[in-house]
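This report describes one protein chain for a reader new to structures. Please look at the sequence and the model before reading on.

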Amino acid sequence: MLKIRLLIADDDRLVLYSLSSGLREAGYEVLEASNADEAIQLCMNNKPDLALLDIRMPGMSGVELGKCMSDEFGVPFLFLSAYSDKETVSQATAVGAIGYLVKPLDIVQIVPAIEAALARATEFKKLRESSDNLVEALKNSRETSIAVGLVMERYALKEVAAFEALRSYARSERRRITDVAADVLAGEHALKKLREYIKS
């Protein structure tokens with residue numbers, strides 16, 4: 001099984017060394033960067049599963065780096081900081097951080113935070129993929145769009161849940177979603193059958 005790859009960016013060499021050593025001992029693969037430029041370079045060459053970023057670094061700040069990691073590389077991140085004031089935490093939240101840890105840190109407290117952040121990142125990725133699939137399917141097929149609307153109305157579902165029910169039904173029948181959508185539009189049988197594929 002592949003090790004989870006973490007990127008740690010912190011301009012404090014002592015913090016960088018102690019976190020990296022401890023996380024390697026905990027079983028992670030760790031990439032180290034002492035500034036934003038190094039972090040970006042490492043990200044380009046070895047995409048990490050999660051980045052742990054010092055929020056205040058010289059040059060590009062951790063906040064700017066986090067936004068870059070997310071926008072350019074799709075890498076989820078959490079912040080490490082000695083600051084816990086409201087403004088700093090608000091900045092972190094605004095750029096999409098999935099966690100915020102206040103220094104000083106020890107490995108015993110950071111490992112559960114990393115695992116929770118990785119789980120949240122996986123959930124976000126699945127939601128984003130499901131949303132992207134929904135947008136693409138709705139754009140490509142007027143019938144699918146109308147069928148989703150019918151399923152939403154019939155079973156009082158939100159758009160994503162209705163689409164997922166159609167998709168699950170199509171997979172179980174080994175058919176394209178557009179074909180199942182056409183069946184839904186053609187008659188009640190397919191619409192009733194869909195009830196089995198609605199997740200509660």
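Helices are DSSP runs of type H or I with at least four residues, and they are numbered from the N terminus. By that numbering, I146 belongs to helix 6, which covers residues 142-155. The model shown is predicted.

Together with L150 and L185, I146 makes a nonpolar surface patch of about 210 Å².

The relative accessible area of I146 is 36%. A residue counts as buried under 20% and as exposed over 50%, with partly exposed in between. I146 is therefore partly exposed.

## The largest pocket

The largest pocket holds about 440 Å³ of space. Its lining is made of 19 residues, and those closest to the centre of the pocket are D49, G74, P76, A121 and K125.

Most residues other than glycine have a negative phi.

A156 is placed in the loop between helix 6 and helix 7, the latter being residues 159-173. The phi of A156 is near 50°, which is positive although the residue is not glycine. With a relative accessible area of 71%, over the 50% cut-off, A156 counts as exposed.

R174 is found in the loop between helix 7 and helix 8, where helix 8 is residues 177-186. Its phi is near 55°, again a positive value in a residue other than glycine. R174 is exposed, and its relative accessible area is 80%.

## Salt bridges

Side chains of opposite charge can pair when their charged atoms come close. How many salt bridges does a search of the whole structure find? The search finds 6.

The side chains of R5 and E29 meet in a salt bridge with an N to O distance of 3.0 Å. R5 lies in strand 1 (residues 5-9) and E29 in strand 2 (residues 29-33), so this pair ties together parts that are 24 residues apart in sequence. R5 is partly exposed at 23% relative accessibility, and E29 is partly exposed at 30%.

E164 and R167 form a salt bridge through their side chains, at 2.8 Å from N to O. Why are E164 and R167 separated by about one helical turn? The reason is that they are 3 residues apart in helix 7. Are E164 and R167 buried or exposed? Both of them are buried, which means that each has under 20% relative accessible area.

Another salt bridge joins R176 and D179, whose closest N and O atoms are 3.7 Å apart. In this pair, R176 is exposed, with a relative accessible area of 56%. D179 has 32% relative accessibility and counts as partly exposed.

Technical notes:
Residues numbered from 1 in each chain as written. Predicted model: local features only at pLDDT ≥ 70, side-chain atom pairs only at ≥ 80, totals over all residues. Heavy atoms only, no water. 1 Å grid on protein atoms, 1.4 Å probe; cavity = no way out; pocket = protein on both sides within 12 Å on 5 of 7 lines; lining within 4 Å. Points joined across faces, edges and corners; volume = space filled by probe spheres on them. Patch = residues over 30% accessible without salt bridge, like charges linked within 9 Å, V, L, I, M, F, W, Y side chains within 5 Å. Areas by Shrake-Rupley, 256 points an atom, 1.4 Å probe, with all protein chains shown as cover. Salt bridge = Lys/Arg side-chain N within 4 Å of Asp/Glu carboxyl O. Helix = DSSP H or I, 4+ residues; strand = E, 2+ residues; numbered from the N terminus. Buried < 20%, exposed > 50% of the residue type's maximum accessible area, 1.4 Å probe, protein only.
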